[in-house]
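Morning, everyone. I'll take you through one model today, chain by chain and contact by contact. Here it is.

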Amino acid sequence: MEDLGQFLLYSAIAVGKGALVTIVVTVASLLLGFVLAVPLSIGRTYGNRPIQFLIQLYEGFFRGTPHIVTLFIFYFGLRHVGELFGNPAFQIAIPPFPAAVLALGITSSAYQSLIFRSSIQAISRDQYNAARSLGMGRWQAILTIVFVQALRLSIPGLTNEATIVLKDSPITYLVAIPEMLTQARGIIDSAMGKVFFEVLIPVSLIYFGLFVLSNKLFEMLDEKLKIPGFELERR
Amino acid sequence: MFEYFLEIAPQLGYGLLFTLLFTFVGMVVGFFAAVPLCLIRLYSHGFLYKIVTVYVELVRGTPLLIQLYMIYYGLPKFLLPLGITVTPYTAAFIGFILNSTAYQVEYMKGGFKAISYEQIEAAYSLGMSRWETIFTILVPQGLRFSIPALSNELIYLLKYTSLGFVIQAPELMTQAKHLASTHARYMETYLIVAFIYVGLTFILSKMSDMIDEKLRIPGFAPEKIR
Amino acid sequence: MGSENILTVKDLVKEFGDNRVLDKISFTVKRGEVVVIIGPSGTGKSTLLRCINSLTPPDEGRVWLDDREITDKHSNINQIRQDIGFVFQHFALFNHLSALGNVEVGLYKVKKMTREAARKKAIEELTRVGLQDHMEKFPAELSGGQQQRVGIARSLAMDPKIMMFDEPTSALDPELTGEVLTVMKDLAQAGMTMVVVSHEIGFARAVADRIVFMEEGNIVEDGPPEEILKNAKKARTREFLHKITELYGE
């Protein structure tokens, strides 16, 4: 009985640590995606032809490739990137955590860019024209008038994207990130397979809890930043 | 790189077949399962409604990876004693179908909600019953409005079949990993596979644009983001 | 056979939360009468119409069509609704069906006619409202006035005993109201019993047998057009008419 108690305690701590790692990985990836997506979306809307084309390629590649493939490219692929040039010794060895965040973050940036772009397009051109006719420069008008509103409009899309990244985070177990799935597997192995659903169901529920929490946080953000008269249709 | 591609093409092709199989079966079965579930979700109350809601919320709120994991490694605990084995194929099919159904229910719900309430009133005022209204007026429009979201789902599903790797389902990603380590040519293999997925996504995207064109209700063009 | 009252409404009450939208409304409509209901917005006129055919079931009160009680739980509401035509402010056309499709669908789905018979009748009705050249078009391809005429044709095709109109021209651009009002006038002259909620005083003056003024869930006054429009008995009626004629430049 003591063993059982100890076992439960250690498992709970392990899963707790895993949950923390899940949260950190998710948030870091989302932030990276955000930071990349802002210039991408602006470039795609206002940039010249070559820039638009390049961004289109970027978006097309990272939206068209599954996360798992991207992850493997960043982690395993780069370690052997030398093979492409005939120099097998040449490596770009990225540690697991940065590789995971890079993979998830860059993929997310491609999706977030789309979200921002459709929001930017939804802000009428007249607003931009009005800003310019007040004497604002091009970039000033874009950033302070158009993009600020576009961010507001993007909140539903971002809410969705956040939950997607959260639900994609378990693939990082493949590169030994100690998030929840890794911990769960560890517990199952150490108990010699005698527990399975007992571990995975609570873990699933924690993911679900994080999912609900994330939605709630974005809802609150939406409330705080409401522009009267511009509420978006929810649900 | 090109000769390498030719060399591994057969195995990749084999994996690709399964990727496509999982995608289309998941999508189609998911669709037919989702329609009645969606109608329940929209128009009924009580017990059935609660079950469907719980199912949809849970599946959409938890990672597909975990779902696949539980099905492949967990189901046997119940089924093995009954003499039923769970192969990677089966687990993959079950997982993708259950997952896609839940998402499609949500997307269809959005499609149906876009129909103005007045049309329901108009149908009633002609004397149509509840079910007549649902099948004659709501379903034809609701499904058509759902097409953009559903075609997105198709593309997502295609990419998520790569998770079949985790349960050793013989799709494209699994092949990629084996080939990469067998030939010790990681970067090339993964890049090739990435481009295959990108290409497939592109083709599917074009196809669904065409279907959308054909089935559109005149006057209701969906917003296109270019 | 049957009394001369085709529609009888008795003590209708409807509340939305604390808001008593209909406060014991009673009135009758005779066969062939055209009744126009006027009044400030939000006073329950639309709700009244929707309570009559139970789209919004009333909280209290009873409604009869001829001698069939609509409010009776045991009556077949779908059958009764076939005899009450309803025209909506925002047309409520079925967007996935053409004009012809809209008019046909009630005929073959509800009246169980054959597709050929339904089509024939639908073509007749659409011609009657002047849309014979637009039958294959979809709602989004039609102007507001055309859409509303399809809505009227759709209801007429069911051969109803009474037609109810919920602000049929309020959602139309001014140039388009004429075509709809003309159709309605022809209908009245052909002897259809009509209950119309509207702001179109000109229409009321020309066609109505009775004008009913409603305010805050109550019928304030009810009488023939000459009386109401020229010599309304109640001050509130006169106030309202004054405001309306200013607005609409009658």
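**Walking through the model**

Let's begin with a loop in chain C. Lys112(C) sits in the loop between helix 3 (99–109) and helix 4 (115–128) of chain C. Keep in mind that this is a predicted model. Lys112(C) is not a glycine, yet its phi is positive, about 60 degrees. Is Lys112(C) buried or exposed? It is exposed: 9 other C-beta atoms lie within 10 Å of Lys112(C), and the cut-off for exposed is 12 or fewer.

Chain C has another residue of interest for its backbone. Asp11(C) has a phi near 55 degrees, again a positive value in a residue other than glycine. Where is Asp11(C)? It belongs to strand 1 of chain C, residues 5–16. Asp11(C) counts as partly exposed, because 13 other C-beta atoms fall within 10 Å.

Stay in chain C for Arg236(C). This residue is placed in helix 9 of chain C, residues 235–248. Around Arg236(C) there are 15 other C-beta atoms within 10 Å, so Arg236(C) is partly exposed. Which residues does Arg236(C) touch, leaving out those up to four places away in sequence? The answer is Glu215(C) and Val220(C). Take Val220(C): it is 16 residues from Arg236(C) along the chain, and their C-alpha atoms are 8.1 Å apart.

Now chain A. How many helices and strands does chain A have? Nine helices, zero strands. Reading along the sequence, the pattern is α-α-α-α-α-α-α-α-α. The C-alpha trace of chain A spans about 75 × 55 × 20 Å along its principal axes. Chain A has 235 residues, and 38% of them are buried. Next, the contacts in chain A with a separation of 6 or more. Of these, 76% are between residues 24 or more positions apart.

One helix pair in chain A deserves a slide. In general, two packed helices are described by the angle between their axes and the distance between the axes. Here the pair is helix 3 (residues 67–79) and helix 4 (residues 96–122) of chain A. Their axes come within 9 Å and cross at roughly 140 degrees. Helix 3 and helix 4 of chain A are therefore oblique to each other. The crossing of helix 3 of chain A past helix 4 of chain A is right-handed.

Who makes that contact? From helix 3 of chain A, we have His67(A), Thr70(A), Leu71(A), Phe74(A) and Tyr75(A). Helix 4 of chain A brings residues including Pro96(A), Ala99(A), Ala100(A), Leu102(A) and Ala103(A). Also in the contact from helix 4 of chain A are Leu104(A), Ile106(A) and Thr107(A). By class, the contact between these two helices of chain A has ten nonpolar residues, three polar and no charged.

On to the core. The largest nonpolar core holds 185 residues. Which residues have the most contacts inside this core? They are Leu71(A), Leu68(B) and Tyr190(B). As for Leu68(B), set aside residues up to four places away in sequence. Leu68(B) then touches Ala91(B), Gly95(B), Leu163(B), Val166(B) and Ile167(B).

Last topic: how the chains meet. Two pairs of chains are in contact, and chains A and B share the most contacts. In that pair, 31 residues of chain B are in contact with 31 residues of chain A. On the side of chain B that touches chain A, the elements giving two or more residues are helix 2 (46–61), helix 3 (64–79), helix 6 (130–160) and helix 8 (186–215) of chain B. Helix 8 of chain B gives the most, eleven residues. This side of chain B has 22 nonpolar residues, five polar and four charged.

Now chains B and C. Their contact takes 20 residues from chain B and 22 residues from chain C. On the side of chain B that touches chain C, helix 5 (117–125) and helix 6 of chain B each supply at least two residues. The classes on that side are nine nonpolar, seven polar and four charged.

And chains A and C? No contact joins them, and their closest C-alpha atoms lie 21 Å apart.

Conventions
Residues numbered from 1 in each chain as written. Chains lettered and ligands numbered in written order. Predicted model: local features only at pLDDT ≥ 70, side-chain atom pairs only at ≥ 80, totals over all residues. Axes fitted to C-alpha atoms, helices over the stretch in contact; angles between N-to-C directions. Helix = DSSP H or I, 4+ residues; strand = E, 2+ residues; numbered from the N terminus. Parallel < 35°, antiparallel > 145°, perpendicular 65-115°, else oblique. Left-handed = near helix turned anticlockwise from the far one by under 90°. Contact = placed C-beta atoms within 7 Å. Nonpolar A, V, L, I, M, F, W, Y, C, P; charged D, E, K, R; others polar. Buried ≥ 20, exposed ≤ 12 C-beta atoms within 10 Å, placed from the backbone. Core = buried A, V, L, I, M, F, W, Y, C linked by C-beta atoms within 7 Å.
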